[in-house]
Amino acid sequence: MASHKPLACSVSAFFFAASLVSAQLTANFYDKSCPNALYTIQTAVRSAVAKENRMGASLLRLHFHDCFVNGCDGSVLLDDTPTFTGEKSAVPNNNSLRGFDVIDSIKAQIEGICPQVVSCADILAVASRDSVVALGGPTWVVNLGRRDSMTASLDTANNDIPAPTLDLSDLTKLFSNKGLGTTDMIALSGGHTIGQARCVNFRDRIYSETNIDTSLVTSLKSNCPKKTGDNNISPLDASTPYVFDNFYYKNLLNKKGVLHSDQQLFNGGSADSQTTTYSSNMAKFFTDFSAAMVKMSPLTGSSGQIRKNCRKVN
């Protein structure tokens, strides 16, 4: 996601079909082993988002960037050590991903009631859902039972997380390589209805491109100079930046996509029709977004572990 998954978010490691995911995971996985897990996560997320609205988008994006790299396995949460290189320093993540402290807090609370039972990967998956709900978006059933990876991949993070400069054909191919269709790609991009983007990720668009609303250009330039301010942030959806709705798509119809990759969804190409539908039918967007979220690939079975601390392998 750009600086917000939200999304200066696009998507990239959803490997298995929903039916396969469902066969591996169950929604009631912790009902007996940690019955208060989901309530604990929900309460903490609601509190974090109430304290800072932006955190909802940050947690959603954090989950996306985890899933982009070898599945939703909590690898993005691992810190670098003298003998281990994680994914936090990858170009799409460095000075960009946030919300790690919220996940740490939730993990500590859950460890206090159910030691080494609930995976960090599952906490992040549930927190992203609860973040969307807290900001007015749809809910969906999060199947549970993921395990935490013991490895990470800086190279994969650098290569597989979609860049905000991609054209429609590249986005479509990237999603397709991960088992996601065009419908999934366009729906998941709607995560950009919340969150912020860094100046460095849209500077070329506002100073070089023409398929962009002039009033938006003026507004964005005021916070994104040509040579400085790389980390200055602007909302991906200036209309309702802290509400999960379909204004992202309405904005695209008016050439108000902040990122190059965003505007590609309404630029005279094959994505125009679906984008137009979402702009006038929020229920359809919510349904498709929820369905696409369910497709994310887990790490289950004997692979991995249940970390005691999300930042390091046991």
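Between domain 1 and domain 2, 1 residue pair is in polar contact, with both residues at pLDDT 80 or more. That comes from a predicted model, in which the chain is split into domain 1, covering 36–160, and domain 2, covering 168–296.

**The face of domain 1**
- Two elements, α3 (54–67) and α5 (120–134), each give two or more residues to the side of domain 1 that touches domain 2.
- Of these, α3 supplies the largest share of that side, with 7 residues.
- By type, the residues on this side of domain 1 split into 10 nonpolar, 10 polar and 2 charged.

**How much the domains share**
- The C-alpha centres of the two domains are 22 Å apart.
- Contacts join 22 residues of domain 1 to 19 residues of domain 2.
- The size of an interface is often expressed as the accessible area lost when the parts come together.
- For domain 1 and domain 2 that buried area is about 1,700 Å², and carbon and sulfur atoms account for 71% of it.
- On the domain 1 side, the residues losing the most area to domain 2 are R54, L135 and W140, which together make up 29% of what that side buries.

**Salt bridges**
- How many salt bridges run between domain 1 and domain 2? The count is 0.
- The structure as a whole holds 11 salt bridges.
- One of them pairs the side chains of R311 and D79, at 3.3 Å from N to O.
- This pair ties together distant parts of the chain, 232 residues apart: R311 sits in the segment after α14 (282–294), while D79 lies in the loop between α3 and α4 (100–113).

**Confidence**
- The average pLDDT of the chain is 90, and 90% of the residues score at least 70.
- Residues 1–23 have pLDDT below 50, yet in the model this stretch has 122 contacts beyond near neighbours in sequence.
- Where pLDDT is low, predicted coordinates should not be read in detail.

Technical notes
Residues are numbered from 1 along each chain as its sequence is written. Side-chain values use heavy atoms; hydrogens and water are left out. Domain bounds come from an automatic or database domain assignment. Contact means heavy atoms within 4.5 Å. Buried area is the accessible area (1.4 Å probe) that two parts lose on being put together, summed over both. A salt bridge is a side-chain nitrogen of Lys or Arg within 4 Å of a carboxyl oxygen of Asp or Glu. A polar contact is a pair of N or O atoms within 3.5 Å; within protein, one must be able to donate a hydrogen and the other to accept it, and residues adjacent in sequence count only if both atoms are side-chain atoms. Helices (H or I, at least four residues) and strands (E, at least two) are DSSP runs, numbered from the N terminus. Ala, Val, Leu, Ile, Met, Phe, Trp, Tyr, Cys and Pro count as nonpolar, Asp, Glu, Lys and Arg as charged, and the others, Gly among them, as polar. pLDDT is the predictor's confidence in each residue, from 0 to 100.
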